[in-house]
Amino acid sequence: MSGVNKNIVILISGGGSNMAAIVEAARARQWRARYGARVVAVISNKAAASGLAWAGMQGLATAVVDHAGFASREAFDAALMSEIDRHDPALVVLAGFMRILTPGFVQHYEGRLVNIHPSLLPAFTGLKTHQRAIDMGCRFAGATVHRVTAELDHGEILEQAVVPVLTGDTADTLAARVLAQEHVIYPRALERLLAAG
Ligand code: GRF
C-alpha cells in the first residue's frame, strides 16, 4: 500500500457493526493524521442494509449495487468494481458482505482486499459457523481477519480472536460473544496494514 491518501472502502450487506467499529477506530486513533487513511465510502448489495443509514449519518459516501439487478456474478462484480474504483481505494474491506466474489474481482484488488470470518480459520469456512462449532463440541470459537483470495475463506490470516464456547450456548449467544471480538480485531488488523504500508 502506498500513496499519501489511503482511501478505505467498506462493503456491507447488513447491520454493519464491524463497519461502525472500523469507522470509530479510524477517528479515535487518528488514522488520517497518522497514516493518511480514511474511510471514504460504504457500499452495500442491499438497499435495506441498516448500516448504510448509519454511514450516511457519519457523512460517508454510500451506494447500493443490488446483485438482484444483474444477470450474472460477473456483471454484478463489474458494476461493483466500477463503484468501488471511483474512490481509488488502498483497501477494500469486506464487513459482513454476503456475496461470493468472482476470481476477476479478487484479482483486481489483490493485496488490497480483506475480510472477516466468524470462525477460527481454517476451521469452518462458509456459513453457519457458530452452530457448526457447537455441534462439533468445540471448546473454543472465534473470528479471523484474512486476506481474500479466489478460494472462499482462505488467504493469509492477519488477526484472530478466540472466545470460549460455554455450556448452553446457542448459535446466537456464541455469535454475540464472537462479534464483540470482531470489533476489536478488525480495526487492529487494518491499522497494522496501514502502519506497514
Ligand atoms: C459478522 O459476524 C461477520 O464476521 C460475518 O457477518 C457478520 C456481520 O456483522 N461475515 P456486521 O454486519 O458487521 O454487524
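Modeller: Two strands pair if DSSP finds at least two bridges between them. Helices (H or I, at least four residues) and strands (E, at least two) are DSSP runs, numbered from the N terminus. Keep in mind that this is a predicted model, where local features need pLDDT of at least 70, side-chain atom pairs count only at pLDDT 80 or more, and totals for chains, interfaces and linings use all residues. Residues are numbered from 1 along each chain as its sequence is written, and side-chain values use heavy atoms, with hydrogens and water left out.

Biologist: Okay, in what order do the seven strands of the open sheet sit?

Modeller: The order is β3-β2-β1-β4-β5-β6-β7, and the pairing is mixed. At the edges you find β3 (61-64) and β7 (157-164), each pairing on one side only. On average, neighbouring strands are turned by 20° against each other, direction ignored. That angle is taken between axes, which are lines fitted to C-alpha atoms (for helices over the stretch in contact), and angles run from 0 to 180 degrees between N-to-C directions.

Biologist: Which way do β5 and β6 run, and how many bridges join them?

Modeller: Strand β5 (residues 113-117) and strand β6 (residues 140-147) run antiparallel, joined by four bridges. To find the pair on screen, look for valine 114, which stands opposite arginine 147 in β6. In a regular strand the side chains alternate between the two faces of the sheet.

Biologist: In which sense do β2 and β3 pair?

Modeller: Those two are parallel, over four bridges, with alanine 41 opposite alanine 61 in β3. Together with helix α3 (residues 50-57), β2 and β3 make a right-handed β-α-β unit. A crossover is right-handed if, with the strands pointing away from the viewer, the path from the first strand over the helix to the second runs clockwise.

Biologist: What does serine 50 touch?

Modeller: Contact means heavy atoms within 4.5 Å. Serine 50 lies in helix α3 and touches Gly14 and Gly15, not counting residues up to four places away in sequence. The C-alpha atoms of serine 50 and serine 13 are 8.6 Å apart, though 37 residues separate them along the chain.

Biologist: Which strands does helix α7 lie across?

Modeller: Helix α7 (residues 171-196) lies across β1 (6-12), β2 (37-44), β4 (89-94), β5, β6 and β7, and runs at about 155° to β7.

Biologist: Now the ligand: which residues surround it?

Modeller: A residue is near a molecule if one of its heavy atoms lies within 4 Å of it. Here the ligand is surrounded by Gly15, Gly16, Ser17, Asn18, Gly96, Ile116, Pro118, Leu179 and Glu182. For polar contacts, look for a pair of N or O atoms within 3.5 Å. A polar side-chain atom of serine 17 lies 2.5 Å from a ligand oxygen, and a side-chain N or O atom of glutamate 182 lies 2.7 Å from a ligand oxygen.

How values were computed. Polar contact = N/O pair within 3.5 Å; in protein donor to acceptor, adjacent residues only side chain to side chain.
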